[in-house]
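The following exercises are to be worked with the sequence and the structure in view. Each task is followed by a solution in steps.

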Amino acid sequence: MVDYDTKVELCGLPLDNPVIPASGTFGYGYEFAELYDINILGTFSCKGTTLKERFGNPTPRIADCTAGMLNSVGLQNPGVDKVVSEELPRLKKVFGKKIMANVSGFSIEEYAEVCRVLDKEDTVGWLEVNVSCPNVHGGGLSFGTDGKSVAAVTKAVKKVTSKPVIIKLSPNVKDVTEIAKAAEGAGADGVSLINTLVGMRIDLKSKKPVLANITGGLSGPAVFPVALAMVYKTARAVKIPVVGMGGISSAEDVIEMMLAGAVAVEVGAANLVNPYACKEIIENLPKAMEKYGIKSLKEIRGLI
């Protein structure tokens, strides 16, 4: 019987498989632990954490669309102090691996402070820094749309942590590879992409936007080809590891992302449609590997 090797390595840390539930779609993990043993995951990226508690955007925050969904949650979370004192201890009871802590902020100082606090937590293996937040000191534009801003955030975070820093990139830019190179040049240990695309829906009866925030982030199968192309280009533009995400919903999608150059993948919207999505993807990986003549996932990364 052939032993299909699903093990990969992310920024020097081993993963049993490359499947990582994406931030904002898996809570703080323990919610899904009631459904299945989440220790089968490679790891997971926890809900986006900010310095202070955030209620998030007004409702409605979710809208359906063909082959995907729009969300405008607005980083609702209890703040980093409560994450450390309440969420992480609760998670430790059901998850024995290190997690990826997703970090958000509205100034460089906020990013650095959240990372400084999380750096002390043994449960945290990686810091995934989401630079798609609006820069309150820079006119409200997303940090992630400007290479200099991304570099500044990266440098500030690297000063306060010894953990691997993965910069989560926005697709809503002219050239994502330039942003990735700016992160790499500032010391990032990896990049993850893509975050959601900007989209909107209009209710024909009320003739008003469906989302209270007017626009939201588009995710789901519709964005997979866009994400795949950006991962392909980015993996060839930088030497640091690339984590691919955007519309992944099957073991075949995982293999496709890795062929494009991803070291590991994050699964987002699929978790909201089917809470067992990641479990099923992991279970189906060896079957897909057998079908396509793949013995080890490490061997196919960036093969095309």
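**Exercise 1.** Which residues in H3 meet which residues in H4?

*Solution.* The model is a predicted one. On the side of H3, the residues are Ile-108, Tyr-111, Ala-112 and Cys-115. On the side of H4, they are Ala-152, Val-153, Ala-156 and Val-157. The residues of this contact divide into eight nonpolar, no polar and no charged.

The spacing along such a helix follows a general rule: an α-helix has 3.6 residues a turn, so residues three or four places apart point the same way.

**Exercise 2.** Determine how H3 and H4 are oriented in relation to each other.

*Solution.* Step one is to locate the two elements: helix H3 covers residues 108-119, and helix H4 covers residues 147-158. Step two is the geometry: they pack at an angle of about 30 degrees, with their axes 8 Å apart. Step three is the classification: because angles under 35 degrees count as roughly parallel, H3 is roughly parallel to H4. Finally, the crossing of H3 and H4 is right-handed.

**Exercise 3.** Describe the packing of H7 with H9, and compare the class of its angle with the cut-offs.

*Solution.* Helix H7 (residues 251-260) packs with helix H9 (residues 277-291) at an angle of about 65 degrees, and the axes are 8 Å apart. Since the range from 65 to 115 degrees counts as roughly perpendicular, H7 is roughly perpendicular to H9. H7 passes H9 in a right-handed crossing.

From H7, the contact is made by Ala-251, Glu-252, Val-254 and Ile-255. From H9, it is made by Ile-281, Asn-284, Leu-285, Ala-288 and Met-289. These residues divide into seven nonpolar, one polar and one charged.

**Exercise 4.** Is H7 largely enclosed by the rest of the structure or left open?

*Solution.* The count comes first: seven of the 10 residues of H7 are buried, so H7 is largely enclosed by the rest of the structure. The buried residues are Ala-251, Asp-253, Val-254, Ile-255, Met-257, Met-258 and Ala-260. The next step is to find what they pack against: strand E1 (8-10), helix H6 (224-237), strand E14 (242-245), E15 and H9. Just after H7, Gly-261 takes a positive phi of about 130 degrees.

**Exercise 5.** In what order do the strands of the open sheet lie, and which strands stand at the edges?

*Solution.* Seven strands form the sheet, in the order E3-E15-E14-E9-E8-E7-E6, and the pairing is parallel. Strand E3 (19-21) and strand E6 (99-103) stand at the edges; each has a single partner strand, so one side of each is left without a neighbour in the sheet. On average, neighbouring strands are turned by 25 degrees against each other, direction ignored.

Two pairings can then be followed in detail. E3 pairs with strand E15 (residues 264-267) in the parallel sense over three bridges, and Ile-20 has Glu-266 in E15 as its bridge partner. E8 and E9 likewise pair in the parallel sense over three bridges, where Gly-190 in E9 is the bridge partner of Ile-166.

For E9, both faces are covered. Gly-190 and Ser-192 lie on one side and Val-191 and Leu-193 on the other, and all are buried.

Terms used. Residues numbered from 1 in each chain as written. Predicted model: local features only at pLDDT ≥ 70, side-chain atom pairs only at ≥ 80, totals over all residues. Heavy atoms only, no water. Axes fitted to C-alpha atoms, helices over the stretch in contact; angles between N-to-C directions. Helix = DSSP H or I, 4+ residues; strand = E, 2+ residues; numbered from the N terminus. Parallel < 35°, antiparallel > 145°, perpendicular 65-115°, else oblique. Left-handed = near helix turned anticlockwise from the far one by under 90°. Contact = heavy atoms within 4.5 Å. Nonpolar A, V, L, I, M, F, W, Y, C, P; charged D, E, K, R; others polar. Pairing = 2+ DSSP bridges. Buried < 20%, exposed > 50% of the residue type's maximum accessible area, 1.4 Å probe, protein only.
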